Each structure stands twice: as C-alpha cells, then as structure tokens.
Amino acid sequence: MLSELHLEHFLIVSTIMFFIGIYGFLTRRNLITMLMSIELILNAVNINFVAFNYFLYPNNLHGQFFAIFIIAIAACEAAVAIAIIINIYRRFQTINVENVSEMKH
Amino acid sequence: MDFNYTTLIPAIPLVVFLVLGLLNNKLSHKAAGIIGATGMFVVFALSLFTAYTYFFQVGKVDGVYQKIIGFDMTWLRFTEELVVKMGTLIDPISVMMLVVVSTVSFMVHIYSIGYMHGEDGFNRFFAFLSLFSFSMLGLVLATNIFQIYIFWELVGVSSFLLIGYYYQKPSAVAASKKAFIVTRFADLGFLIGILLLSFNTKTFDFISLTDPNGSAISQGGGIAFMGLSVMTWSLIFVFMGGAGKSAMFPLHIWLPDAMEGPTPVSALIHAATMVVAGVFLVARLFPIYAISAPEGLELVGYVGAFSSLFAAIIATTQFDIKRVLAFSTMSQIGYMMVALGVSGYGGHEGLGYMASMFHLFTHAMFKALLFLAAGSIIHAVHTNSMNEMGGLRKYMPITHITFLIACLTIAGVPPLSGFFSKDEILTAAFHSNKLIFFVQLFVAGLTAFYMFRLYFRIFWNKEPHYHHAPHESPKLMTFPLIFLAIASIFSGFIPFEELVTSDGMPIEIHTEWIVAIPAVLVGLIGIAIAFVMYRKESALPDKVANGFKFFYRWTFNKFYIDELYLFITKKIIFNYVSRPIAWFDRRVVDGTMNGIANVTAKAADLIKDFQSGQIQKYGFVFVTGAILLAMIFIFKWFVL
C-alpha cells in the first residue's frame with residue numbers, strides 16, 4: 001500500500017498543513033488557536049523531514065531524529081507559550097491578540 | 001648668592017589663595033585677614049631682602065648690574081627648539097617691582113582688614129587679593145615673554161574678579177565685564193606681537209631678547225611691511241597689550257569704570273601695580289624698542305603724552321573722587337610712557353628709562369596713598385561724590401594730613417618724591433622732544449590743579465549736612481596711610497640713577513634749573529588756581545564752566561569716547577558684522593542640522609505605524625517577505 005504513495009503525496013499534505021497553519025496564525029485572534037496553528041506548521045515540517053528521510057535516504061535516520069527534536073521543542077514551546085498566555089489573561093482578562101499590543105511601548 | 005628662594009615670593013600668595021579659597025566659609029573673618037596679611041608680610045620681607053642683596057651685595061659685577069636667573073625650569077617642551085620655561089629673573093626692574101608690589105600689597109592687606117570689616121565676602125576678597133598678588137609677582141619675575149603673558153592674563157582675571165566683587169550691583173558687574181573685554185581685546189594684540197617677535201627672533205627668553213649684542217637685536221628689523229620693519233610691528237602689537245593694561249588712549253575706557261570695585265582694590269590694582277604692567281612690559285623689552293624699533297618707541301611716547309593730557313583734562317571736571325583719581329592714574333602712567341618714549345639706550349641717553357622707573361616707584365606709593373585715603377573718606381561719609389563732602393579736615397586729621405602730603409607729592413612740590421621723578425621725566429623730554437616737553441609741563445600744572453581741587457573740595461569748602469558726624473578711620477586703616485605717606489615723602493631720595501638704568505650702569509644726574517623751576521612754578525600756579533576756586537564755596541567754578549560751556553560739556557562726558565565705542569560696537573559691528581554672522585549661523589549652519597533632524601523625524605513618522613504591537617501584522621509582513629524571497633529564488637534558480 002505504501003508503494004502507491006510517493007514523496008509528492010506527503011509533500012502535498014505537508015504543504016497544505018503548513019499553509020493552513022500560516023493562515024490560522026495570521027487570521028485567528030485567539031492566542032490558543034494561534035498556538036495550535038504554530039503546532040500545525042511544526043508538524044508539517046515534521047512530515048517533510050520524515051518523508052524526505054524515508055524516500056531519499058532510506059539508510060539514514062537523521063530526518064527522523066530531527067522530527068523527534070522538533071516534537072520535543074514544540075512541547076517546550078507549548079509549555080512556555082501557555083504560561084505566557086495565562087499571564088496575559090491574568091493581566092488583560094482576555095486572550096484576544098489584538099488587545100495585547102503593549103509590547104510596542 | 002643663590003636666588004632660588006625667589007620662587008617663594010609668588011608661591012606664598014598662591015598658597016594663601018588656595019587656603020583661603022578652599023576653606024572660604026570655614027574660616028572666621030579675623031583668621032582670613034591674618035593669614036592674608038601674614039603671607040603678604042613674608043613676601044614683603046623677602047622682597048626687601050632680595051632688593052638689599054641684589055642691589056648692595058651681589059647684583060653688581062664690574063660696575064654693571066647683571067640679569068640673574070634665580071630659578072629656571074622647563075615647563076612645556078614642544079620640540080627641541082620650542083620650549084616654554086618658567087622661572088624667576090632677577091634684575092634691577094624686577095627687583096624694584098617686587099618692592100613696589102609687595103609693599104603696596106602688604107599695606108592694602110592691612111588696610112582691607114579695617115575697610116572690609118563686616119562685609120559678606122570678606123574671605124573671598126582676601127583670597128582674590130592673594131591671587132592677584134601671586135599673579136603680579138609672577139609677572140614681574142617672568143623670565144620669558146610667554147610666562148609674562150600667562151601671568152598677564154592672570155592679573156586680568158584677578159582684576160575682573162575684584163572689580164566685580166559686589167556682584168549684586170549691576171554697575172559693578174558691567175564694569176568688570178568691560179575691564180575684562182577691553183583688556184582681552186588689547187591682549188589679542190599682545191599675543192600677535194609675541195608670535196611675531198618670537199618667530200622673528202627664535203626665542204622667548206628676555207635675556208637673549210634684550211641683550212644688545214645678542215642675535216635678536218643684531219639681526220635688525222627684518223623685512224619691512226608698510227614702511228615699518230617686522231620687529232617694529234611686533235613691538236607695536238606688544239605695546240597694544242601694554243596700552244590696554246595701562247589704560248592708554250584709546251583703550252582707557254575700562255579704568256574709570258573699574259572704580260566700582262572696593263577702594264583697596266583700586267589702590268592696589270588700578271593705581272599702583274597692575275596698571276603699570278604696561279610700562280613694565282615696555283621697560284622689560286626696552287633694548288629692542290630702543291635699538292630695533294625706534295618708531296615703536298616713538299609711538300609709545302606720543303600715546304603716553306596724549307593720554308596724559310587727555311586724562312588730566314577730564315580729571316578737572318569729574319565729581320566722583322575715585323574717578324578723578326582714576327584719570328589721574330591714567331595721566332601719570334602717560335608720564336611713564338612718555339619717559340620711555342623719549343629715552344635712548346645706554347649711558348646718559350637712558351635717562352628717560354630711569355626716570356620712568358623712578359616715577360613708577362614714587363607714583364605707586366603716592367597713588368596708593370591717595371586711593372587708600374579716598375577709601376578712608378568714603379568709609380566715613382558713605383559717598384563717592386565730592387559734592388557731598390567738605391570741611392572734613394576737622395573730622396579726619398590723619399586722613400587729611402596724609403592726603404595733603406600725597407597731593408603735594410603728585411603736584412611735584414620739592415622735596416617730596418614726585419618732584420624728583422617728574423623732574424627727571426621732564427628733563428629727559430626736554431632733551432629729546434620739545435613738543436612732548438611742553439605738553440607734559442602743561443599736564444603737570446593740570447595735575448596740581450585737579451588734585452588740589454579734589455583736596456579743597458573734600459577737606460575745606462562748604463560743609464554739607466552729614467547724617468552722622470564723620471569720624472577718623474580705625475588704626476588698621478590709618479597705619480598704611482602713614483606708612484605710605486612716609487614712603488611718598490622720602491622715596492625721592494632713593495638713588496635710582498645708580499640702581500635702575502637702561503644698561504645696568506650708574507649714570508650721573510644733576511638738576512637742570514631750566515626744567516625744574518618752570519615745573520615747580522606750573523605746579524604752584526595749579527595749586528593757586530585751585531585755592532582761589534575751591535578753598536571756599538564760590539560761584540567761580542560755575543562761571544568758568546559756563547564760560548567754556550561747549551568744551552566743559554565735552555570734557556565732563558569724557559569726550560564721548562564711551563559713546564563712540566558703543567556706537568562702533570552696537571551700531572556698526574553688531575549691525576553689519578554680528579547680525580549677518582548670526583543670520584548665517586541660525587539659517588545655514590543650524591538650518592542644515594535642523595533639516596537633517598526634520599527629514600529623520602518625517603521618515604520616522606511615515607513608518608512608525610508598522611510598529612503596531614499587533615503580532616499578526618508582524619507575522620503577515622514576515623510571511624509575505626518570506627514568500628517573496630522564495631519566489632525570487634525560485635525564479636532565479638529554476639526559471640532562468
């Protein structure tokens with residue numbers, strides 16, 4: 001079954017995921033949703049890594065290592081981001097990103 | 001004999017200045033006065049000791065007074081040839097000046113303890129007095145023209161500080177600024193002169209500059225410019241500095257206003273010491289003036305003669321007693337300049353030089369006395385105007401007698417000191433320039449007249465109604481008066497012709513009756529006229545004034561020289577020079593800078609909305625940029 005799937009399919013899926021992520025990041029006003037969009041982007045990249053590794057360099061595992069790295073970093077990033085979001089919520093009573101523009105000062 | 005210790009003479013007042021200046025309000029007035037006066041006493045004693053050892057023990061070698069370097073050190077070494085030194089030069093005129101400066105300064109210190117009693121800035125006053133003494137002593141001891149310039153500016157600063165002592169009084173502030181700016185302007189000439197002179201002669205050193213057989217003089221005047229040699233030009237510029245300090249016409253305008261300072265300051269700085277710095281400077285460089293730049297020396301003589309006549313005429317009409325004395329000072333300094341101007345170098349030719357130094361010495365004594373006595377009077381009646389004085393002889397006997405002695409001295413009545421020194425000057429003028437001689441003879445009469453006008457108006461004449469009866473000043477103030485009166489009487493007997501001459505060799509002098517008798521007669525006539533006009537209150541002075549109405553008005557307003565200066569500066573320089581420069585500065589220089597700032601601000605205004613704080617906008621820009629970059633790379637690598 002796997003033989004009918006080619007590299008292009010994976011790339012198409014990851015590209016779609018990537019742009020869904022970008023779109024979500026730029027249009028959603030909710031910080032949690034934006035965070036989820038970022039996760040989508042990261043996972044799109046993961047798919048790319050794994051797919052390239054599998055199809056182009058089947059004897060190496062570098063791509064898969066990178067995927068695991070990114071998952072670990074994504075976890076950290078989620079933890080930090082959620083901590084920030086909680087603080088923002090405490091301070092502004094909202095997690096709408098448009099109302100949080102204090103940083104420019 | 002080693003003159004190393006002479007560095008102490010300027011150093012002690014410097015230390016006193018630092019102590020008084022740093023401790024300012026921590027010291028009581030009494031302590032400050034005692035420290036200042038004690039310091040000056042040590043300097044006074046050292047100066048007398050130096051004079052004694054120099055003149056009577058070690059100064060003379062083979063009958064000629066030598067120039068001795070007491071102390072010498074290299075201060076700045078720019079290149080091998082351009083070296084600025086500091087040191088002390090011991091020769092007849094510097095030793096004589098040491099005595100003059102330290103005597104008058106010591107007396108003024110004692111006097112000031114009484115005069116400034118209870119003033120707010122008492123300690124500041126004594127600190128500045130010490131600063132001045134330091135600068136003046138450093139000036140007279142300078143070994144080179146650069147050092148003299150440094151101390152020259154320092155005395156200017158101390159003079160500025162002391163004239164502006166009553167800094168809450170606008171007129172005093174204005175006077176101090178005026179004195180500083182006018183003398184600074186003159187010093188610009190001095191600096192140019194120094195540069196020209198040292199460039200031409202390759203030395204700063206007085207000894208090598210004034211050695212009549214040295215290279216500086218024997219090389220001659222150098223290339224000519226407008227008919228005068230470079231040497232002459234440089235010495236004329238140097239004289240410009242001297243004329244500024246010595247209040248010679250037309251740079252005299254600051255001296256009358258400088259009387260805004262406390263009276264002891266006027267006595268010390270604006271009568272006895274600082275204002276004769278110009279004379280001292282010309283005397284210091286005298287061999288070059290006499291040998292390489294005779295035209296420059298002639299100019300000195302004519303400027304001196306004119307100033308002395310000019311000031312004497314003005315002095316006859318002024319009512320502020322200190323201003324009368326200020327113009328008198330200017331007139332007497334004119335005498336000294338004249339004496340230098342008519343003098344030659346060496347032997348009997350150098351009579352004028354010796355007369356000038358002689359007069360400098362006696363003048364310092366009697367003019368300091370006049371000012372201190374005037375201060376004593378002002379202290380008693382609280383006014384400067386002679387219209388509010390009269391009949392004071394009954395109240396202030398000591399001041400009266402000492403003032404009378406000083407007046408007789410300046411009028412040239414024998415055998416007081418003024419007679420001898422003035423007589424020498426007139427003799428020197430008589431033998432060299434008859435025009436100047438007659439001018440100076442006339443000025444001698446004017447001097448006697450205006451001094452006795454002052455004397456009779458203050459001590460005789462009608463007694464005004466005093467709010468409280470004037471009383472004699474305390475002993476601290478009368479002691480210096482008595483001391484200086486004695487000095488005025490007897491300093492004429494000092495054998496100057498043996499001690500201070502142009503080439504260090506003693507000369508023979510003898511009284512020439514053809515000069516001495518007219519001089520004394522003219523002085524007595526001046527006194528007699530003053531006696532008739534001012535002994536008792538009469539309508540005569542007003543009648544005379546009305547008789548010469550136009551001339552009187554001009555004289556009373558000091559020939560409108562101040563107004564002329566104001567016209568030149570305000571109307572011409574401000575309008576036609578300063579204003580265009582200010583416009584250029586404001587529009588072009590500032591305009592460029594403002595333009596740059598404005599463009600930056602405008603550009604920032606335009607793009608500042610990008611900085612919205614909206615993270616998604618940033619994200620959008622970032623993503624757009626990334627996509628654009630990606631497209632460019634794709635286009636470049638794959639399509640082309």
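The buried residues of helix α20 of chain B are covered by elements that include α3 (92-115), α16, α17 (397-411) and α18 (417-432) of chain B; here a helix is a DSSP run of H or I with at least four residues, numbered from the N terminus, and a residue is buried if 20 or more other C-beta atoms, placed from the backbone, lie within 10 Å of its own. This is a predicted model, in which local features need pLDDT of at least 70, side-chain atom pairs count only at pLDDT 80 or more, and totals for chains, interfaces and linings use all residues. Residues are numbered from 1 along each chain as its sequence is written, while chains are lettered from A and ligands numbered from 1 in the order in which they are written.

The buried residues of α20(B) include B:L481, B:L484, B:A485 and B:S488, and B:L369 touches these four as well as B:T402 and B:A406, not counting residues up to four places away in sequence, where touching, or contact, means C-beta atoms placed from the backbone within 7 Å.

Helix α16 of chain B covers residues 351-381 and holds B:T362, which counts as buried because 27 C-beta neighbours lie inside 10 Å. Leaving aside residues up to four places away in sequence, B:T362 touches B:S417, B:G418, B:S421, B:S491 and B:G492. Although B:T362 and B:I489 are 127 residues apart in sequence, their C-alpha atoms are 9.1 Å apart in space.

Turning to the contact between the chains, 9 residues of chain B are in contact with 9 residues of chain A.

How values were computed:
Helices (H or I, at least four residues) and strands (E, at least two) are DSSP runs, numbered from the N terminus. A residue is buried if 20 or more other C-beta atoms lie within 10 Å of its own, exposed if 12 or fewer, and partly exposed in between; C-beta atoms are placed from the backbone. Two residues are in contact if their C-beta atoms, placed from the backbone, lie within 7 Å.
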